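Me: I've got a model open and want to talk through how it's put together. Can you take a look?

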Amino acid sequence: MERPLIAVGGVILSDKKVLLVQRSKPPNKGAWAIPGGKVEYGETLKEALRREMKEELDVDVNPEDLIGVIEIIKEGFHYVILDFLCEIKHGKIKAGSDALDAKFFSLEEMSKIAVSPTTIEMMKKYFEGERIPLFITETSK
């Protein structure tokens, strides 16, 4: 039986900008997204987030509040992604394993690049002061 995969994302902010990575693999290959990846069996959400941020950005993070739950059902994938606000504890950001590039973008800049509308919606609501986790579904249907 096929089941959705659980993933985590790390939202790193700087001066009203959010760090995005350019994806090197599907789904959304070539598009910009919140960095993160799949949770491995036996791994806590925060352990997975720390591992993924180290692999993808070469930084150590302190995961904080859950700010969004994003469900993606498209391109033959079904992910449930829990996005956490993260603070960098150590390291300098550089694109790693699954990322072609990593940069900070404002909401205005995000509207001009290939980025998921769910990411823009989540960050817009966060910057507007909403602190309850946002639930969004993105499908290709």
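Me: Which are the buried residues of α1?
Reply: Quick caveat: this is a predicted model, where local features need pLDDT of at least 70, side-chain atom pairs count only at pLDDT 80 or more, and totals for chains, interfaces and linings use all residues. Residues are numbered from 1 along each chain as its sequence is written, and side-chain values use heavy atoms, with hydrogens and water left out. Helices are DSSP runs of H or I with at least four residues, strands are E runs of at least two, both numbered from the N terminus. Taking buried as under 20% relative accessible area (1.4 Å probe, protein chains only), the α1 set is Ala 48, Leu 49, Arg 51, Glu 52, Met 53, Glu 56 and Leu 57.

Me: What covers the buried residues of α1?
Reply: Go by contact, meaning heavy atoms within 4.5 Å. The cover includes β1, β3 (17–23), β5, β6, β7 and β8 (99–105).

Me: Which residue follows α1, and what's its phi?
Reply: α1 covers residues 45–57. Next comes Asp 58, with a positive phi near 60°.

Me: How many bridges join β6 to β7?
Reply: β6 (residues 60–74) and β7 (residues 77–90) run antiparallel. Glu 71 stands opposite Val 80 in β7. The bridge count for the two strands is 12.

Methods. Pairing = 2+ DSSP bridges. Expected span 1.5 Å × (residues − 1). Buried < 20%, exposed > 50% of the residue type's maximum accessible area, 1.4 Å probe, protein only.
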